Amino acid sequence: MSASDEAQYVTFSLGDEVFAVPVGVVREILDHEEAFKIPNGPDYLLGLRDVRGQGVPIMDLRLKLGLSKTVPTPHTRVLVMDIPLDDRMLSLGMVADRVYEVTPFRRDQVEQAPDIGSRWRSDYIAGVVRRDQGFVVLVDLARLLTAKDTELLAGAPKAA
């Protein structure tokens with residue numbers, strides 16, 4: 001098997017569910033701290049955080065996925081990511097209840113997102129990986145964020 005048959009992912013949890021994003025989009029992982037609030041933003045946009053001199057919008061992924069709001073614990077982390085979009089790179093912080101590890105998944109381990117026959121929004125799921133402890137959902141970040149989201153997040157005021 002060649003190295004191109006597997007990819008590295010950062011795994012994290014939201015409640016009891018485990019998700020993963022490609023390691024290549026994760027710039028750094030930070031401890032949680034309150035973000036600078038942005039007036040009139042959507043509920044999932046917690047605000048801005050200064051990351052090495054750059055104002056980065058922070059998103060509560062739990063709210064974006066229709067789950068309950070994140071309640072910070074000592075394990076809560078922020079994944080700072082650079083997400084490639086069609087016309088630009090979007091820097092975004094995403095709150096996770098806990099970050100676990102960087103792990104490789106082989107291409108043949110990744111299953112398609114299940115079709116449950118309803119209008120459940122699953123287009124942001126790049127695939128699922130079956131593990132002994134359950135499933136890991138691979139998140140397609142560019143699909144998770146709608147055009148309206150990316151416009152709003154890219155237009156967020158920059159921190160000084």
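Arginine 77 is partly exposed at 24% relative accessibility (buried means under 20% relative accessible area, exposed over 50% and partly exposed in between, with a 1.4 Å probe and protein chains only). This is a predicted model, in which local features need pLDDT of at least 70 and side-chain atom pairs count only at pLDDT 80 or more, while totals for chains, interfaces and linings use all residues. Residues are numbered from 1 along each chain as its sequence is written, and side-chain values use heavy atoms, with hydrogens and water left out.

Arginine 77 forms a salt bridge with aspartate 31, at 3.5 Å from N to O (a salt bridge is a side-chain nitrogen of Lys or Arg within 4 Å of a carboxyl oxygen of Asp or Glu). This pair links distant parts of the chain, with arginine 77 in strand β6 and aspartate 31 in strand β3, 46 residues apart (strands are DSSP runs of E of at least two residues, numbered from the N terminus). Aspartate 31 is exposed, at 52%.

The whole structure contains nine salt bridges, including the following.

| Salt bridge | N to O distance |
|---|---|
| Aspartate 82 and arginine 27 | 2.8 Å |
| Arginine 130 and glutamate 111 | 3.2 Å |

Arginine 130 belongs to strand β10 (residues 125–131) and glutamate 111 to strand β9 (residues 110–111), so their contact ties together parts 19 residues apart in sequence. Arginine 130 is exposed at 52% relative accessibility, whereas glutamate 111 is partly exposed at 30%.

In the remaining pair, aspartate 82 is partly exposed, with a relative accessible area of 24%, and arginine 27 is also partly exposed, at 32%.

Note on methods: Helices (H or I, at least four residues) and strands (E, at least two) are DSSP runs, numbered from the N terminus.
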